Every structure is written in C-alpha cells, then in structure tokens.
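This report concerns a single protein model and is intended to be read alongside its coordinates.

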Amino acid sequence: MRVLVISDIHANLAAFEAVLKDAAGKWDKIWFLGDLVGYGPNPNECVALLQEHDHLALSGNHDWAVLGKLNIDTFNDYAKHAVMWAQDVLTTESHAYLESLPPMLTPHEMFTIAHASPRQPIWEYILDRGTADANFEHFFTPYCLVGHTHVPIVFEKVEGERTYMLHPLYNEPWHLTGVHRCIINPGSVGQPRDSDPRASYALLDLERMIWEYCRVDYDVETTQQRMRDEGLSERLVARLSFGW
Ligand code: ZN
C-alpha cells in the first residue's frame, strides 16, 4: 500500500486540493495527522474533501479547540478569533466527524502516528533533539509520524549514541531500513512554518518502505482572499505568503 501522509491542513482548501492533484495516482490511502480546521477559511469543505478519500485521520489541538474540548486561553488572539469563527460556521456533520477522531493510532506494525507527540499526542511540540529523544520511549514501533509543528523534519535515534536532526531532501526516495528508529514530520499542507510557503506532504510506500518528501505551490492568494472575505486576521492572512 502507498500512503499519502499529510498533516495540518488548517481549513486551507486550495492547498489541500493542490496536494491531491500533485500526488494523484501515487497513493492508495491517506494518513492525516490532525488539525483539519483552525486558521483557514474552508473548514467544512476540507472535512468533506478528506472524507471523499480512503483515509484514516487523527484529531489535533485546533480540532479539539473548535470542538470546545480544550481551553483556548493559551492561544494567541489571532488563533483564538479563528477558532471562534470556525465554531460558528462548522456544520453538525463536520462537528460529528471531527468528534470521532482519535489523537493517536498504530495503523501498521512499523508505524505509530500521533498529532503532536507520542508522549502528549495533542500538545507537545517536537522541535529539538532533547524533546525528540525523550519521546522514543513512548512508542514501540520503529517509526512515529507526527505533525503539529508545521516543520518537515526527521529525528533519528542512533542507539547508544544520540538523536540526530535531519532536514528533508525533496523528491528523493529515502529507504526506511528499520536500523534506526525515527520520528518523522511531513510538514504542513495548509500553513507551512519553515519559511517555505509551498504546501508540504510525503509519500510512503509500505511495501518498499520508501519515504519521499514533496512540496507543491498552491494558489495562496485564493486562500488569502477567502480569509479576508470572512474577516479573519490580516496577520494570519500575511503569514501564508511567507511560510512562518
Ligand atoms: Zn497545526
């Protein structure tokens, strides 16, 4: 089976559509790592589009926030306003779908998937080697896929040595040999934060155990115009142009 690994769509329909188009014919099933809604202007459309495909999905902290399952006082004002806007527009069907998603799963003998981290599937940001290192004892498969930081990155644990941080090489097959355990982040579809505004995703071939990082341009201005039409914050609109 070939898997399209995507995370953090954040209601950015134009970015999600661009990824599906770019990856067309190269996958059989989607693994979505959470945060379908929050920030962007098309929450219901993104929920519906994901459900059109064979997939499994996780919930993220923004999904929980929109569902009212966590306190949004810790969110910044822009994110908080976007959450309240999404709460207003979310349909009963979208709400029920998001409510059904778990924050962590083990979909394959080689892979655990968690929105944020295996230790704290909703909240923890794995941005550095120390945090990654502490997380390896919280899952039992060779590999764990996470989203949440919106930064495509690999943390590789070399037993008896240390954890290494590897930056992605795009469109280059990476053979997952199983020799070293890894925590792998495919980056974000709808709100990249690695100074590259293109949508980020990965292709995973489970038979050949090949991972491939991909980036694709999408029509950022379409999403930005929809955000302005909905009165979403100009700061959230602007960041999409730059990928921060
Ligand atoms: Zn997110």
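The model is predicted: local features need pLDDT of at least 70 and side-chain atom pairs count only at pLDDT 80 or more, whereas totals for chains, interfaces and linings use all residues. Residues are numbered from 1 along each chain as its sequence is written, and side-chain values use heavy atoms, with hydrogens and water left out.

**Sheet.** Helices (H or I, at least four residues) and strands (E, at least two) are DSSP runs numbered from the N terminus. Two strands are taken to pair if DSSP finds at least two bridges between them. Six strands form an open sheet with mixed pairing, in the order E3-E2-E1-E11-E12-E9. Strands E3 (55-57) and E9 (174-175) are at the edges with a single partner strand each, so one side of each has no neighbour in the sheet. Four bridges join E1 and E2 in the parallel sense; Ile6 has Phe32 in E2 as its bridge partner.

**Helix H1.** Buried means under 20% relative accessible area, exposed over 50%, and partly exposed in between (1.4 Å probe, protein chains only). Helix H1 (residues 13-22) is largely enclosed by the rest of the structure, because seven of its ten residues are buried. These buried residues are Leu13, Ala14, Ala15, Phe16, Ala18, Val19 and Leu20. Their cover, in terms of contact (heavy atoms within 4.5 Å), includes strands E1 (2-6) and E2 (29-32) as well as helices H2 (43-51) and H7 (220-229).

**Zinc site.** Donors are N, O and S atoms within 2.8 Å of the metal (3.2 Å for Na, K and Ca); water is not among the atoms, so sites may look incomplete. The protein donors of the zinc ion, at 2.1 to 2.5 Å, are Asp8 (OD), His10 (NE2), Asp35 (OD) and His150 (NE2). Their spacing along the chain is D-x1-H-x24-D-x114-H. Asp8 belongs to the loop between E1 and H1 and Asp35 to the loop between E2 and H2, so the pair ties together parts that are 27 residues apart in sequence. Asp8 and Asp35 are both buried.

Most residues other than glycine have a negative phi. Two exceptions are tabulated here.
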